[in-house]
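Thank you all for coming; I would like to take a few minutes to walk through one model with you. Please have a look at it first, and then we can go through it together.

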Amino acid sequence: DREVHINELKNGSTEMFWNPTSEVRRQRLKRHIVLFEEQTDFESERLWQHVTSAINKGDQHKATQEKFVLEEEQRNAARERRENGTEWKPLLFRHDAMTNEWRYKYEDLRPWDPLNDIAQFEKNGILQTMERRLSTRLSNHKTTCINNQITRHKRSAKDCRRRKTSDQPSNHSQNTESSCSTPESVQELSDDDGKYLRFESLCAQCGKEMNHLKEIHSAVLSLQRAQQDIHR
């Protein structure tokens, strides 16, 4: 987004190579990064912070020193692992013995499906794709779970009424308590249409998937805001 010049060393002349307009500057992509204080020690921005600072200050000697410190620490760590017989296991990459290259573990090489794929996002270094089929599958599972809960409540209420009928007191005893206790409290949740449904706590799998769907929804909203920024 800045001017680029070509300097001719033979005759000392300078030629304009690229001069972006104000419209080009407005359309530049917004950089999205994890906050510095939330980064781990081995993420690039934190790991190379001292080298970067020296480069920005124009101190090439200091930058070289800081780079040497990092590389020496890595060599010492590798030496200690060899001496202790500890195997280095990367979190996000695997070694391909056929090509002798490191490959990303979670790479998705399938073509983008515009009819099913909604968005792609990163979580803890793992690239994931939000799919319409996933949303439908979670919705169907949630509906099934709710229906099962309602059926169990109806069956329980029916059995309760049956026990009340069979345990009716005699004419001379009028204050006998009912043998059916008060139903347990139920949880009130809201479905996607804003309607409230009353049922017992969701099954573990359904609850886990609902939490995962909320995280995906949050990531999609972030992507949508980024797209709006780009359009502006």
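Which element gives the most to the lining of the largest pocket? Before I answer, please keep in mind that this is a predicted model, in which local features need pLDDT of at least 70 and side-chain atom pairs count only at pLDDT 80 or more, while totals for chains, interfaces and linings use all residues. Residues are numbered from 1 along each chain as its sequence is written, and side-chain values use heavy atoms, with hydrogens and water left out.

The answer is H6, which contributes 8 residues. A pocket here is an open set of points on a 1 Å grid over the protein atoms alone, where a 1.4 Å probe fits, with protein on both sides within 12 Å along at least five of seven lines, and lining residues have an atom within 4 Å of a point. The largest pocket holds about 1300 Å³ of space, that volume being the space filled by probe spheres set on the points, which are joined across faces, edges and corners. Its lining is made up of 31 residues, and those nearest the centre are Val34, Glu43, Glu122, Asn124 and Gly125. Two or more lining residues come from each of helix H2 (44-47), strand S5 (117-123) and helix H6 (204-231), where helices (H or I, at least four residues) and strands (E, at least two) are DSSP runs numbered from the N terminus.

Turning to the whole chain, we find 6 helices and 8 strands, in the order β-β-α-α-α-α-β-β-β-β-α-β-β-α from the N terminus. Of its 232 residues, 14% are buried, meaning under 20% relative accessible area with a 1.4 Å probe, protein chains only.

How values were computed: Buried means under 20% relative accessible area, exposed over 50%, partly exposed in between (1.4 Å probe, protein chains only).
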